[in-house]
Amino acid sequence: MKVAVCVCTYKRPQYLDVLLTALSKQKNINNANLVVIVVDNDVNKTAFDTVAKHREFNILDIRYHVEPQKGISYARNKCVEKALELNVENVAFIDDDEIPCEIWLSSLLETKYESRADIIGGPVISQFTEEIPDWILKGGFFNRPNYICITGNSLISSSVLKKFKKPFSEKYALSGGEDTHFFLSIKKMGCKTAWSKNAIVNEVVPVSRTNVKWILKRAFRTGCTASMIEIDLNGRKVIFKRLIIASVRFLQGIFTLIISFLGKHKFVKSLWYFMKGFGVLYGIMGGQYKEYHRVHGK
């Protein structure tokens, strides 16, 4: 049964090199039935040399494509398009800054056939490139919630993807949240999901993200996109619910600020709650924080 592993990349050849090496070391997988699809979202083809090197020395079947339209949604949709052209039965997603364990793909497939689910998710664990301050660890700012499917670690039946002309909404191409929108959409369709606890990937967190500014910006963006996505999928009737969520975030921020004498992690956490709340409100008002404008040089 052929499986396509989809990787979107943008100007991170060093990370992509590590990922492709890790994919070549997957255990309990017949490489004849595995194809890796790399979609480079850079018209300058900064990933080309890395892919060429692995094509020469790697046992994997690696397909390389360029998506000139900047934005993560466009790159993900190109991945799906190219995967379905190969008539694969399953499509796995992993990010270019992640490193899968050796039983990552086999664990996803095992869980799929045991559960008969349409979508399988797995844990994403942050891996820091340098020593970081204690307040970041204590605050849990880079902890990922379990049992929530994301494109950083998932396996999807091709039959589900075929139901969409473009699975990942282009509305979120520069803001992020396109994967959340997709997974919530298919959940509404009644697709079955399952969790593979052994399908672990480590996400490389660069030191440039381990600061208050980046953490608060990400909190604002996720709060904003959460509101946008829920309104997109369920209509304006959910606004009252989103207002309650914003209120809860503000109350959490106030309470955490009161006990911020316990350490810097509590003070930053209080600001994190406030930024989440403001993001929720901004999304309700139709605002969109395009986090990836800067990444793409716009």
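Reader: At what angle do helix α7 and helix α8 pack?
Author: Helix α7 covers residues 178-188 and helix α8 residues 212-234, with axes 10 Å apart; helices (H or I, at least four residues) and strands (E, at least two) are DSSP runs, numbered from the N terminus. This is a predicted model, in which local features need pLDDT of at least 70, side-chain atom pairs count only at pLDDT 80 or more, and totals for chains, interfaces and linings use all residues. Residues are numbered from 1 along each chain as its sequence is written, and side-chain values use heavy atoms, leaving out hydrogens and water. With axes as lines fitted to C-alpha atoms, for helices over the stretch in contact, and angles running from 0 to 180 degrees between N-to-C directions, the angle between α7 and α8 is about 30°.

Reader: How is the direction of α7 relative to α8 classed?
Author: Angles under 35 degrees count as roughly parallel, over 145 as roughly antiparallel, 65 to 115 as roughly perpendicular and the rest as oblique. The angle of about 30° therefore makes α7 and α8 roughly parallel.

Reader: How far apart are the axes of α8 and helix α10?
Author: Helix α10 spans residues 264-284 and packs on α8 at an angle of about 35°. Among the residues that meet are Phe220 and Met228 in α8, and Trp272 and Phe278 in α10. The contact has 16 nonpolar, five polar and two charged residues. The axes of α8 and α10 are separated by 7 Å.

Reader: Is the crossing of α8 and α10 left-handed or right-handed?
Author: A crossing is left-handed if the near helix is turned anticlockwise from the far one by less than a right angle, and right-handed if clockwise. α7 and α8 cross in the right-handed sense. The crossing of α8 and α10 is right-handed.

Reader: Which residues of α2 make the contact with α1?
Author: Helix α1 (residues 13-24) and helix α2 (residues 48-57) pack at about 20°, with axes 9 Å apart, and are therefore roughly parallel. α1 contributes Pro13, Leu16, Asp17, Leu20 and Thr21. From α2 come Thr50, Val51, Lys53 and His54.

Reader: What are the edge strands of the open sheet of seven strands?
Author: Two strands pair if DSSP finds at least two bridges between them. The order is β3-β2-β1-β4-β8-β6-β9, with mixed pairing, and the twist averages 20° from one strand to the next. The strands that pair on one side only are β3 (61-66) and β9 (193-195).

Reader: Which residue in β2 stands opposite valine 5?
Author: Strand β1 (residues 3-9) runs parallel to strand β2 (residues 34-40), and seven bridges join them. Opposite valine 5 stands valine 36.

Reader: What is the bridge partner of isoleucine 125 in β10?
Author: An open sheet of three strands has the order β5-β10-β7, with β5 (98-100) and β7 (124-128) as edge strands. β7 pairs with strand β10 (residues 201-205) in the parallel sense over five bridges. The partner of isoleucine 125 is asparagine 202.

Reader: What radius of gyration does the protein have?
Author: The radius is taken over C-alpha atoms, and the globule rule is 2.2 Å times the number of residues to the power 0.38. For 298 residues a compact globule would be near 19 Å, and the protein agrees, having 19 Å.

Technical notes
Contact = heavy atoms within 4.5 Å. Nonpolar A, V, L, I, M, F, W, Y, C, P; charged D, E, K, R; others polar.
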